[in-house]
Amino acid sequence: MTTDTLASVNAKEIVMACIKALNEEDFKTARKYIANDFSFTGVLGSRNGAEAYFADMEKMKLKYDIKKIFVNENDVCLLYDLTMQGLTIFGCAWYHVEGDKINSLRVVFDPRPVLELGDKNKGGN
């Protein structure tokens, strides 16, 4: 097994272990897979640092239904259905792993259903 192949296997295992813990709402275990200087970029905002990210994750209690996984060295891309706030939305996440920790995550999905739900909760149409 080459070094690149080994890195790919480890990156995938790290990301999937983190997702499993998040799905189980085991945030303490999930936190073990995230670097302290973790950065998150998504369509609704960004977070710098693992603590800021997990403060949000503990509130949102997202659930991931993985449809496809792509791995290239230390990068893992997931296509999934994400359930949040009673909504299920298709999305894509790009994880980067360094030193056996996830150090960055970029997420893309159509935010309109989430924004519409927010408007309804505020009394909008």
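Which side chain meets that of lysine 67 in a salt bridge at 2.9 Å, N to O? The partner is aspartate 65. This is a predicted model. The chain has 125 residues, and buried residues make up 32% of them. It holds 4 helices and 6 strands.

**Overall layout**

- Read along the sequence, the elements follow the pattern α-α-β-β-α-β-β-β-β-α.
- Among contacts with a separation of 6 or more, 45% join residues 24 or more positions apart.
- The accessible surface of the chain comes to about 7500 Å². Carbon and sulfur atoms account for 51% of that surface.

**Nonpolar core**

- The largest nonpolar core has 32 residues. Leu22, Tyr53, Tyr64, Tyr95 and Ile102 have the most contacts inside this core.
- Three helices are listed as supplying at least two core residues each: helix 1 (3–23), helix 2 (27–31) and helix 3 (50–60). Strand 1, strand 4 (75–84), strand 5 (87–98) and strand 6 (101–109) also supply at least two each.
- Helix 1 gives the most to this core, with 7 residues.
- Tyrosine 95 shows how such contacts run. Leaving out residues up to four places away in sequence, tyrosine 95 touches Val15, Ile19, Tyr64, Asn74, Asp75, Val76, Leu78, Ile102, Ser104 and Leu105.

**Aromatic pairs**

- The structure holds 4 aromatic pairs.
- The rings of phenylalanine 40 and tyrosine 53 have centres 5.7 Å apart. Their planes meet at 40°, so this pair is tilted.
- Phenylalanine 40 sits in strand 1 and tyrosine 53 in helix 3. The pair links distant parts of the chain, 13 residues apart. Both residues are buried.
- Tyrosine 64 and tyrosine 80 form an edge-to-face pair. The distance is 5.3 Å centre to centre, with 80° between the planes.
- Tyrosine 64 lies in strand 3 (residues 63–72) and tyrosine 80 in strand 4, so the pair ties together parts 16 residues apart in sequence.
- Why does tyrosine 80 count as buried? Its relative accessibility is 2%, and buried means under 20%. Tyrosine 64 is buried too, with a relative accessible area of 10%.
- Ring pairs also link Phe38, Phe40, Tyr53 and Phe54 into a cluster.

**Salt bridges**

- There are 7 salt bridges in the structure. Side chains of opposite charge can pair when their charged atoms come close.
- Lysine 63 and glutamate 25 meet through their side chains at 2.7 Å, N to O. Lysine 63 is in strand 3, while glutamate 25 is in the loop between helix 1 and helix 2. These two residues are 38 residues apart, and their pair links distant parts of the chain.
- Lysine 63 counts as partly exposed at 27% relative accessibility. Glutamate 25 is partly exposed as well, with a relative accessible area of 35%.
- Lysine 67, which pairs with aspartate 65, counts as partly exposed at 47% relative accessibility. Aspartate 65 counts as partly exposed at 40%.
- Lysine 67 also forms a salt bridge with aspartate 81. Here the closest N and O atoms are 3.6 Å apart.
- Lysine 67 lies in strand 3 and aspartate 81 in strand 4, so this pair ties together parts 14 residues apart in sequence.
- Through shared partners, salt bridges join Asp65, Lys67 and Asp81 into one network.

**Surface and loops**

- Which residues form a nonpolar patch on the surface? They are Val43, Leu44, Val108 and Leu115. Together they have about 350 Å² of accessible area.
- Leucine 44, one of the patch residues, lies in the loop between strand 1 (34–42) and strand 2 (45–48).
- Glycine 99 lies in the loop between strand 5 and strand 6. Is glycine 99 buried or exposed? Glycine 99 is exposed, with a relative accessible area of 72%.
- Glycine 99 and asparagine 10 are 89 residues apart in sequence. In space they are 9.9 Å apart, C-alpha to C-alpha.

Notes: Residues are numbered from 1 along each chain as its sequence is written. This is a predicted model: local features need pLDDT of at least 70, side-chain atom pairs count only at pLDDT 80 or more; totals for chains, interfaces and linings use all residues. Side-chain values use heavy atoms; hydrogens and water are left out. Patches are made of residues with over 30% relative accessible area and no salt bridge: like charges are joined within 9 Å, nonpolar side chains (Val, Leu, Ile, Met, Phe, Trp, Tyr) within 5 Å. Accessible areas come from the Shrake-Rupley method with a 1.4 Å probe; for residues, only the protein chains shown count as cover. A salt bridge is a side-chain nitrogen of Lys or Arg within 4 Å of a carboxyl oxygen of Asp or Glu. A nonpolar core is a set of buried Ala, Val, Leu, Ile, Met, Phe, Trp, Tyr and Cys residues joined through side-chain atoms within 4.5 Å. Buried means under 20% relative accessible area, exposed over 50%, partly exposed in between (1.4 Å probe, protein chains only). Contact means heavy atoms within 4.5 Å. Rings of Phe, Tyr and Trp (its six-membered ring) pair if their centres lie within 6.5 Å; planes under 30 degrees apart count as stacked, over 60 as edge-to-face and the rest as tilted.
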